[in-house]
Amino acid sequence: MIFESHAHYDDTAFDTDRQELLNQCQAQGIETIVNVSASLNSVKSTLALAEEYPFLYAAVGIHPDEVGELDEAAFTWLREQCRHPKAVAVGEIGLDYYWDKEKHELQKYWFQRQMELAKELKLPIIVHSRDAAADTLEAVRTAHSPKLRGVIHCFSYGPELAREYLDMGYYIGIGGVVTFKNAKKLKEVVKIVPMERILLETDCPYLAPEPNRGKRNSSLNLPYVAEAIGQLKGIDTEEVIRITNENAKALYFGNKEKLYG
Ligand code: NI
């Protein structure tokens, strides 16, 4: 049974067949889905999906491209949403200097505030980082504490940086890119990350793996990602699916008292 650790089923790309597709996911071995929000609106739509589908859980947070929406009143509202019984993470949060939609200082400020929120609420974080390697590492180090856990989603840097996050206890999210022929750096990363620290993810509707590259992505494509990881690790696809499922459950559903004291 597959644990999908990062999806965006509230995206308009799924407006025509969302219900059918989510039912199909459940019928085809997708045991659990974490739907990840990015804006204030998607926090609402993500929580609505979590209320509708028992196997779908919510990550509540504001993406670096959208932090212009935040002020103290919105942040207070966000904190309340994080207390929803099906909210299992704060995310996705981080830094994005590729799209560069918001000023770096503003991105860093709300990234840090949302990491502090995660610590306060004993929730793991889902980190988005694009073209912002050094600043993301610095921010995560600043917030680092045994009481802060999380995943670096859609990991796009090299093995050295992966080691830095592993040393701080983070998981590494691996998605469709690992199946691309030219993804040499990511394949190197997968080789050095222990199986116990890998999460399967799609980031759907984006980043569909081969052989469906370029099409709309969904959790139904995760076996291709698991297969590619298995080839790099020299283990069966089924083993990858089993271990990553356990990893995600430990991160998102672990006993909070035990984990955070
Ligand atoms: Ni995402």
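1. A residue counts as buried when its relative accessible area is under 20%, and as exposed when that area is over 50%. The structure discussed here is a predicted model. With a relative accessibility of 0%, Cys-25 is therefore a buried residue. Cys-204 is also buried, because its relative accessibility is 0%.

2. How many disulfides does the structure hold? The number is zero. A disulfide needs two cysteine sulfur atoms within 2.5 Å. For Cys-25 the closest cysteine sulfur belongs to Cys-204, and the distance is 7.5 Å, so the two are too far apart for a bond. Cys-204, for its part, takes part in no disulfide, and its nearest cysteine sulfur is that of Cys-25.

3. Next, the nonpolar interior. In soluble globular proteins, nonpolar side chains tend to be buried together. The largest nonpolar core of this model contains 76 residues. Tyr-9, Tyr-165 and Ile-229 have the most contacts inside that core. Helix 4, made of residues 104–121, gives the most to the core, with six residues. Another core lies apart from it and has 13 residues, including Ala-59, Val-88, Ala-89 and Leu-199.

4. Tyr-9 deserves a point of its own. Leaving aside residues up to four places away in sequence, Tyr-9 touches Phe-14, Arg-18, Leu-21, Leu-22, Cys-25, Ile-33, Asn-35, Leu-49, Cys-204, Ser-218 and Ser-219.

5. Where does Ser-219 lie? Ser-219 is in the loop between strand 8 (198–200) and helix 8 (222–233). Is Ser-219 buried or exposed? Ser-219 counts as buried because its relative accessibility is 0%. Residues touched by Ser-219, again without those up to four places away in sequence, are Glu-4, Tyr-9, Cys-25, Ile-30, Ile-33, Thr-202 and Cys-204. Ile-229 is ten residues from Ser-219 along the chain, and their C-alpha atoms are separated by 16 Å.

6. Pro-54 is another loop residue, placed between helix 2 (40–52) and strand 3 (56–59). Its relative accessible area is 66%, so Pro-54 is exposed. From Pro-54 to Thr-32 there are 22 residues in sequence, while the distance in space is 8.9 Å, C-alpha to C-alpha.

7. The largest pocket has a volume of about 870 Å³. It is lined by 29 residues, of which His-128, Arg-130, Cys-154, Asp-203 and Leu-207 are the closest to the centre. Which elements give two or more residues to this lining? They are strand 4 (87–96), strand 5 (125–130) and helix 7 (184–192). Strand 5 gives the most, with three residues. Sorted by class, the lining of the largest pocket has eleven nonpolar, nine polar and nine charged residues.

8. The volume of the largest cavity is about 30 Å³. Its lining consists of Cys-154, Phe-155, Gly-173, Ile-174, Gly-175, Gly-176, Val-177, Leu-186 and Leu-207. By class, six of these residues are nonpolar and three are polar, with no charged residue. Cys-154 and Leu-207 line the largest cavity, and they are also listed among the residues closest to the centre of the largest pocket.

Notes
Residues are numbered from 1 along each chain as its sequence is written. This is a predicted model: local features need pLDDT of at least 70, side-chain atom pairs count only at pLDDT 80 or more; totals for chains, interfaces and linings use all residues. Side-chain values use heavy atoms; hydrogens and water are left out. On a 1 Å grid over the protein atoms alone, a cavity is a set of points where a 1.4 Å probe fits but cannot get out, and a pocket is an open set with protein on both sides within 12 Å along at least five of seven lines; lining residues have an atom within 4 Å of a point. Grid points are joined across faces, edges and corners, and a volume is the space filled by probe spheres set on the points. Helices (H or I, at least four residues) and strands (E, at least two) are DSSP runs, numbered from the N terminus. Ala, Val, Leu, Ile, Met, Phe, Trp, Tyr, Cys and Pro count as nonpolar, Asp, Glu, Lys and Arg as charged, and the others, Gly among them, as polar. A nonpolar core is a set of buried Ala, Val, Leu, Ile, Met, Phe, Trp, Tyr and Cys residues joined through side-chain atoms within 4.5 Å. Buried means under 20% relative accessible area, exposed over 50%, partly exposed in between (1.4 Å probe, protein chains only). Contact means heavy atoms within 4.5 Å.
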